[in-house]
Structure formats: C-alpha cells, structure tokens
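Hi,

Here is the structure I promised to pass on.

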Amino acid sequence: MDLGSHSTLSEHLQKTGFPSGSEDKASVLDSGPEMTEPQLAVASVVTSKLSVKAPEFYPPGYNQNFNQNFTDSSFEDRYDGYLTLAEYVQDFLNHLTEQPGCFETEIEHFAEALNGWVTTDEALQELVELIYQQATSVPNFSYMGARLCNYLSHHLTISPQSGNFRQLLLQRCRTEYENRNEATKGDEATKKQFHSFVLFLAELYLNLEIKGTRGQVTRAEILQEGLRELLNALFSNPVDSNLICAVKLLKLTGSVLEDAWKEKGKSDMEEVIQRIENVVLDASCSRDVKHKLLKLVELRSSNWGRVHGTTSHTEATPENDPNYFMNEPTFYTSDGVPFTAADPDYQEEYQELLEREDLFPYYEENGADLLGPGDMYFDEIDDEMDPEIEEAYEKFCLESEHERKQ
C-alpha cells in the first residue's frame, strides 16, 4: 500500500470516528517491508447522561419540583423548614405520588402537622383545593387521594362555621358536578378533566367513611346519588371518551352501587344496563367501545365477578355449585372432543388412566422427578415444538374451541 492510499484510509477513519495514525490502537498496515502484529481495539466506555429524574419518567401533570429530602428519608420532621402551607402539602402529595407505600407510616404525622398549621377557614379551604387538584390532575392518584381524604376527615380537629374538611370537600366536588352536562359536550381537554373528576368521586364513594352516632360506618349517600346522575350525563352524550369513562366507573363501583340500590328496593342498575344495550344498538360509537360495553354487561351478569361459596351446612354438588368441576382436569378424545368431569363416564375413565403404571414411569409416587440432567430420557426431551406441529396444534385448539361453543 502506498502513502497515498494510507492517507485516504486515515481520512476515512477520522470521518467514521475511529482514531488514525499513531493514535490508532487497531491493526494498521505499515508502509515498510514487514507487517506489524495486529492488536485488538480498545473501545471507549460510553456513560449515559440520562437521569432517573428525566421528564420522560414522570406521568403527565406530575410536579417534579418535590422536596429532595424525600429521597433520603421519610417525610417526618421536615415541615419546620416550609414557609407556606401550600408548599408543605404539595410536597407531601408529590411524595405520596412517587412513594404510595409510605401512606401508612407517614399519614399520622402529616395529620398532626396539619392540626398545628390549619387553624383558619382559609387554610382549610386551601388544603381541600390542593388535594382535589392533585387527585383530579395526576394520573392514578384518585385512589390515594380518596384514602387521604377519608383519613383527614376523621383526624383534622378544626371545624369552622363554614364546614369541616369532609363538608368542604363535598362542596368542592359539587361545583364540578353541577357542570356535568356541559362538560360531557365540551372539548377533549374539558372532557378529560371531567372524567378524572368522575373517577375521583367514585373512589370517594368507596373510601370515604361516614361514622354514625352508634359507631356504624356507612358510605356517603349523596355520592351514591351523584354517581347515578353522572352516569346519566355520560350516556346522554355517547361519544367514545364518555362511554369509556362510564365503563371504568361501573367496573369500579358497579357491585357496590347495585347492592345499595337493591337494599332500597330500586332497580337502577337494570335501567343502567338497559341504557348500555340501547347505546350498543343505536349509538355511533366505535367498535372497540361497543365491545367494552358488552363485556361490562357480561361482567354484571356474572354478579360483577363475585363468586359466592356454598354455605357450610350444604354439601357442594354439581347441581348447586357451578364451580364443582372447575379444578378437575380436562381430557380430549381421539377426535379432539373435550372430555370433562361433567361427563357421566369421566370418573371411571379418569381412574383407569391413573392406574396405568406406564403413564408416569419416571416419577415417584409423591410426584418427585427421578431423573435429572445426564439421564438418557431427560437429555432426549426437546422443549421446543416443531414449527409445523405447533401450527397444526394451534389450529386444532381453535377448531375444538369453536365446535365446543356451537
């Protein structure tokens, strides 16, 4: 190779980011009569500059300017350095958003600090607004916000003439509730904010406990009525986003709402289901949303997924227990027809299979494997299925399932 070609090679290496000349640690062709011995290239270590606090790692609407002390220790004994109530509360809310597991260990201290700080009507109003905004603007905080509201409603000592914590919270929710009909018809941003409020109200209904004079615990009656009206508003404008919100609301509270309505002799849930079926038939919503609505109707028909076991004095039988055969294995005949415990001859056939000694020749009586690596039988086992056989097996399963449903 002449000097001209070596110069061209060096320029190419520089353009592609590789060192050239005397700095090159890779093998280089020498212009002399002998070749230098090739050497392995030493790649430079690339250090990532991506921080764990990068904005991409936080949910939309989350305030990243939380107090850095939270990353080092708990929230306790940190409030003395705060200048305002808003700063203290907001940092605690952000702390709970990032570390929800700290709720149980730090909520008591937080409530005690608030009792020493929230001493006026204005401070209590500010506290309610801060929690409400966090619960309706930060994704996935509605549940934690409802738990926080329930705890504070029982542990804040201030009770001004304008109302205690729970009363002010419900008043704040009522402001949004009264705009429900306009919100369901608004732009996407308005509807998104309204849907967040709906789900927060659902969490409040499930988590906000009202203690009676005799110590009994009940749910807020006004929230039950409010959720019914919110469902009406959502179904009155059956666009996709409103219907999806209604599905989430009913998945979250459907079983509790239906139980409460039944206790009062009301058939409200029947009316809701009928309205859903009308929407599926008449509304111009997307196919996916109609599928979600139908799955919700199916969930309700199965008692919201709740399985009630048989009573202790009644022996479970195939007649009174729909799950009687659930844990029994399913076999297939040579024709691919499922053979389950519900079949009359199942017990006899199943027992015959168990009695065959050659069915499990390599297992002890208690199920422990007698073989291990190095055994001929063990080594011959192929974990992977041949692609052609796998495709045929999948086709067989699909056809069998289709025939079973017919």
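The largest pocket in this predicted model has a volume of about 670 Å³. Its lining is made up of 26 residues, and P139, K192, H195, S196 and L199 are the closest to the centre. If you want to find the pocket by its helices, look for helix 4 (121-137), helix 5 (142-155), helix 8 (188-207) and helix 10 (240-263), the elements that each give two or more residues to the lining. Helix 8 has the largest share, with eight residues.

Next, the cysteines. How many disulfides does the structure hold? The count is zero. Take C149: the closest cysteine sulfur belongs to C173 and sits 7.7 Å away, which is too far for a bond, because a disulfide needs the two sulfur atoms within 2.5 Å. C173 is likewise in no disulfide. Both cysteines are buried, C149 with a relative accessible area of 0% and C173 with 3%.

And the chain as a whole: there are 15 helices and four strands. Of its 406 residues, 33% count as buried. The accessible surface comes to about 27,000 Å², and carbon and sulfur atoms hold 49% of that. Among contacts with a separation of 6 or more, 58% are between residues 24 or more positions apart.

Cheers

Note on methods
Residues numbered from 1 in each chain as written. Predicted model: local features only at pLDDT ≥ 70, side-chain atom pairs only at ≥ 80, totals over all residues. Heavy atoms only, no water. Buried < 20%, exposed > 50% of the residue type's maximum accessible area, 1.4 Å probe, protein only. Contact = heavy atoms within 4.5 Å. Areas by Shrake-Rupley, 256 points an atom, 1.4 Å probe, with all protein chains shown as cover. 1 Å grid on protein atoms, 1.4 Å probe; cavity = no way out; pocket = protein on both sides within 12 Å on 5 of 7 lines; lining within 4 Å. Points joined across faces, edges and corners; volume = space filled by probe spheres on them.
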